[in-house]
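The sequence and the structure are shown first.

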Amino acid sequence: MDYGEVFLISTVLATLALSIVLMNLDMEMDKHTKDFQILTELLPLMLLTFVVLIIVCPFNIAYRSNRYFLLVCLFHCVCAPFYKVLLADFFLADQLTSQVEALRSIKHYSCYYGGGGFISRDSTCKNSDLLKIFNFIIPSIPYAFRVFQCLRRLIEEKNSVEGYNALKYFSTIVGEAIRTAYRLNNSMTWFILALVSSVISAVVSTYWDIVMDWGLFQKDPKNRFLRETSCPTTKCILWSHCIEHIASICLVANYIQL
């Protein structure tokens, strides 16, 4: 796939999502379709089901080789301790860590549709013990992928940096768990623990992005403000990567959600 095809797929998915939103609003406002409440509520689930079916479709349509490659990489992320970590595998796991807030919607889907809340438009399982467990597990899954990948590379490559990287992701898992516990138990003790863990996780992640990934604060650098070793050789690509790091640092407050 080239960049044009990637842009085409993202545009189609965005158009489908927007179409579902507009259809939902139109059916809510139109007096002829206002009574079809169950069908209206099922529209988002239909879109999600359609996308999942396309991804796992075994027929040679809709970029089959690329879909297969994506599923293989995802399988390697799930089974990270048992497979050699390749570039595509940890790149996908890194992308998943950036989609934690989106992954949280899985528990809402399971609660709203699995619990039958879409029929009465009332999610009655919000306080269930199963949903509370999901609150702890789902946000930690992408970071757990990266922890296992780093440990695998630490064992194979004997590189101590991977061990520190695993600790960075583990600190994020601890921070996520404590913040979730604070949301469920709104007390001063959990507030202090959540604040401390969030600050530690944010500082460690920011330091790693600036020093290790970006390469700042190095003695006598050959490339000013750029890392010494990297895959891209074009400086404009490197600077684009640096700008992305600046944007992620500006959004670091999103990870301190109390």
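The points below run from the whole chain to single residues.

The structure is a predicted model. Its protein chain contains twelve helices and zero strands, and 29% of the 258 residues are buried.

**Overall architecture**

- Read along the sequence, the chain gives the pattern α-α-α-α-α-α-α-α-α-α-α-α.
- Of the contacts between residues at least 6 apart in sequence, 55% join residues at least 24 apart.
- The chain exposes about 16,800 Å², and carbon and sulfur atoms supply 70% of that area.

**Packing of helix 3 against helix 4**

- Helix 3 spans residues 64-78 and helix 4 spans residues 87-97; the two pack at an angle of about 80 degrees, with their axes 9 Å apart.
- Angles of 65 to 115 degrees count as roughly perpendicular, and helix 3 and helix 4 are therefore roughly perpendicular to each other.
- On the side of helix 3, the contact is formed by Phe69, Leu70, Cys73, Leu74, His76 and Cys77.
- On the side of helix 4, these residues meet Ala88, Asp89, Leu92, Ala93 and Leu96.
- By class, the residues of this contact divide into nine nonpolar, one polar and one charged.
- Phe69, which lies in helix 3, is partly exposed, with a relative accessible area of 48%.
- The C-alpha atoms of Phe69 and Ala88 are separated by 9.3 Å, and these two residues are 19 residues apart along the chain.

**Cysteines**

- A search of the whole structure finds zero disulfides.
- Cys73 is accordingly in no disulfide; the nearest cysteine sulfur belongs to Cys77 and is 6.9 Å away, whereas a disulfide requires cysteine sulfur atoms within 2.5 Å.
- Cys73 has a relative accessibility of 4% and so counts as buried, the cut-off being under 20%.
- Cys150 also counts as buried, because its relative accessibility is 1%.

- Phi of Ala62 is near 55 degrees, a positive value in a residue other than glycine.
- Tyr63, another residue other than glycine, likewise has a positive phi, near 60 degrees.
- Ala62 is partly exposed, with a relative accessible area of 41%.
- Tyr63 is partly exposed too, with a relative accessible area of 30%.

- Thr172 is placed in helix 10, which covers residues 160-184.
- With a relative accessible area of 6%, Thr172 is buried.
- Leaving aside residues up to four places away in sequence, Thr172 touches Tyr143, Ser201 and Ser205.
- Leu195 lies in helix 11, which covers residues 188-214.
- Leu195 is partly exposed, at a relative accessible area of 35%.
- Between the C-alpha atoms of Leu195 and Tyr182 the separation is 9.8 Å, and the two residues are 13 residues apart along the chain.

Notes: Residues numbered from 1 in each chain as written. Predicted model: local features only at pLDDT ≥ 70, side-chain atom pairs only at ≥ 80, totals over all residues. Heavy atoms only, no water. Helix = DSSP H or I, 4+ residues; strand = E, 2+ residues; numbered from the N terminus. Buried < 20%, exposed > 50% of the residue type's maximum accessible area, 1.4 Å probe, protein only. Contact = heavy atoms within 4.5 Å. Areas by Shrake-Rupley, 256 points an atom, 1.4 Å probe, with all protein chains shown as cover. Axes fitted to C-alpha atoms, helices over the stretch in contact; angles between N-to-C directions. Parallel < 35°, antiparallel > 145°, perpendicular 65-115°, else oblique. Nonpolar A, V, L, I, M, F, W, Y, C, P; charged D, E, K, R; others polar.
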